[in-house]
Amino acid sequence: MSKQNWFLENLEKVQNTFDYRLENILLDVGENIALFMKEQNLNRSQMAQRLGVSRAYVTKILNGNPNLTIKTLLRLSDVLEKDLKIMFWSKLTNKGTDTPKIITFQLSELQSYHYKPLKNASTSKDLNDCPIAA
């Protein structure tokens, strides 16, 4: 068995374990926070000051701190001026089924669509209920 086949076989075995999935989520969160910090030219000290925590705690977050609470995540989203969205969806039972679908469009594609005006849309609440608002 080649090294690559051995690796892929063992990776497939661990991918569904709790620990693997937890580490994957923690790394994704840390990477996203680091990207948003870079986007806003924030260093760890500035981030710590805005959060009211130590620089060491920010380092823990960026390195995949497993003790992040939803409250801390919401504070992070406020400091980074981002919305926080936590989603659950069905686990895959058969590969390729029941996966979340992400649809992307080029701006030019969206501009080519013709939308009908909403009937009786007189309040901003009515407009906020629309799936697409221009």
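Buried, in this talk, means under 20% relative accessible area. Keep that cut-off in mind. The model here is a predicted one. By that cut-off, 16% of the 134 residues of the protein chain count as buried.

Start with the overall layout. The protein chain has seven helices and zero strands. Along the sequence, the pattern reads α-α-α-α-α-α-α. Now the contacts with a separation of 6 or more. Residues 24 or more positions apart make up 41% of those in the protein chain.

Which residues of α3 are buried? Met-47, Ala-48 and Leu-51. Around the axis, these residues cover an arc of only 100°, so they sit on the same side of α3. What covers them? The cover includes α2, residues 18-39, then α4, residues 55-62, and also α5.

Take the α4 partner now. The axes of α3 and α4 are 8 Å apart, and the packing angle is about 105°. That angle makes α3 roughly perpendicular to α4. Who meets whom? On the α3 side we have Arg-44, Ser-45, Met-47, Ala-48 and Leu-51. On the α4 side, Arg-55, Val-58, Thr-59 and Leu-62. Sort the contact by class and you get five nonpolar, two polar and two charged residues.

Stay with α4 for a moment. Its buried residues are Val-58, Ile-61 and Leu-62. They span an arc of only 95° around the axis, which places them on the same side of α4. Their cover includes α2, α3 and α5. One backbone detail follows. Just after α4, Gly-64 takes a positive phi of about 95°.

Next, the α5 partner. Angles from 65 to 115 degrees count as roughly perpendicular. The crossing of α3 and α5 is right-handed. From α3, the contact uses Met-47, Arg-50 and Leu-51. From α5, it uses Arg-75, Leu-76 and Val-79. By class, the contact of α3 with α5 has four nonpolar, no polar and two charged residues.

Let me finish on one residue. Leu-51 lies in helix α3. Is Leu-51 buried or exposed? Its relative accessibility is 12%, so Leu-51 counts as buried. Leu-51 also features in the contact with α4, and in the contact with α5. Set aside its neighbours within four places in sequence. Leu-51 is then in contact with Val-58, Arg-75, Leu-76 and Val-79. Look at the Val-79 pair. Leu-51 and Val-79 are 28 residues apart in sequence. In space, C-alpha to C-alpha, they are 7.0 Å apart.

To recap. Leu-51 takes part in both contacts. Thanks, and over to you.

How values were computed. Residues numbered from 1 in each chain as written. Predicted model: local features only at pLDDT ≥ 70, side-chain atom pairs only at ≥ 80, totals over all residues. Heavy atoms only, no water. Left-handed = near helix turned anticlockwise from the far one by under 90°. Helix = DSSP H or I, 4+ residues; strand = E, 2+ residues; numbered from the N terminus. Contact = heavy atoms within 4.5 Å. Nonpolar A, V, L, I, M, F, W, Y, C, P; charged D, E, K, R; others polar. Buried < 20%, exposed > 50% of the residue type's maximum accessible area, 1.4 Å probe, protein only. Arc of directions from axis to C-beta. Axes fitted to C-alpha atoms, helices over the stretch in contact; angles between N-to-C directions. Parallel < 35°, antiparallel > 145°, perpendicular 65-115°, else oblique.
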